[in-house]
Amino acid sequence: MADPPAPAPAPAAEKPFAHASLTVVVLGASGDLAKKKTLPALLGLYSNGLLPRHCVIVGYARTALSRSEFQDRLRPFLAKFPHAAVEAFLERCYYEAGSYESGDDFARLDAVIKDLEAANRGQVDAHRLYYLALPPSVFASVSRALRPNCWSHRGWNRVIVEKPFGRDSATSRELVSSLAEIYQEHEQYRIDHYLGKEMVQSLIVLRFANLAFQAMWSRDHI
């Protein structure tokens, strides 16, 4: 496997993390959430020097794609960024196809990541961030295959799950409980991008339909 590209631009005030080895694995990389939101956000971090110098992005999904096909699929969604920044970022993007519930496929992904980490010679720590851009119904099953077969033993591991986190309190608690059996609390981050959606869409109604807000929700207090 080819060596990763040259280090990313680092911020002026560098911290130890700026020199760390970090692999960001986006599960569900062929889906809309990854293409429209996750990967452009990572490019934004890269462009502002907020990713470590030795950082690579590995997309993982069921869809059979070559690395160049994966990069070509991303380009239309990165068009708002300068061309040079897009191409430099895509040089850091890799792709691996496999099942979400196969331990063997995750072991193969682990081997790919280890090859990329080994290319960062001199880096003692090898951190991994797993972003699950997947339906909530598969969070637990994916995690059961992921953790035993694709976990870094040379640095920290973190898992981000983003979707409507359950349909109600009961299903949300069920998801929290199932993930707690697999990850420690400090290893996981949960994002519900629909939480409070209806309230935000109805701010005017919320303001004028509640007497408690009338006295303090005004130009004198905000």
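Which residues lie nearest the centre of the largest pocket? They are Val24, Leu42, Leu45, Leu51 and Leu129, among 15 residues that line this pocket. Before we go on, note that this is a predicted model, in which local features need pLDDT of at least 70 and side-chain atom pairs count only at pLDDT 80 or more, while totals for chains, interfaces and linings use all residues. Residues are numbered from 1 along each chain as its sequence is written, and side-chain values use heavy atoms, with hydrogens and water left out.

Back to the pocket: its volume is about 260 Å³. β1 (21–27), α1 (32–47) and β4 (126–132) each supply at least two lining residues, and α1 gives the largest share, 5 residues. Helices (H or I, at least four residues) and strands (E, at least two) are DSSP runs, numbered from the N terminus. A pocket here is an open set of points on a 1 Å grid over the protein atoms alone, where a 1.4 Å probe fits, with protein on both sides within 12 Å along at least five of seven lines; lining residues have an atom within 4 Å of a point. Grid points are joined across faces, edges and corners, and the volume is the space filled by probe spheres set on the points.

Strand β4 also leads us to the charged residues. Arginine 128 in β4 pairs with aspartate 110 in helix α4, 18 residues away in the chain, through a salt bridge of 2.7 Å, N to O. The term means a side-chain nitrogen of Lys or Arg within 4 Å of a carboxyl oxygen of Asp or Glu. Arginine 128 is buried at 1% relative accessible area, and aspartate 110 is buried at 9% (buried is under 20%, exposed over 50%, partly exposed in between, with a 1.4 Å probe and protein chains only). Aspartate 110 also meets lysine 114 in a salt bridge at 3.1 Å; both lie in α4 (residues 103–119), 4 residues apart, or about one turn of the helix. Lysine 114 is partly exposed, at 44%. Shared partners join Asp110, Lys114, Glu117 and Arg128 into one network, and the structure holds 9 salt bridges.

Finally, look at the cysteines. There are 0 disulfides (pairs of cysteine sulfur atoms within 2.5 Å) in the structure. Cysteine 55 is buried at 3%, and cysteine 93 is buried at 0%.
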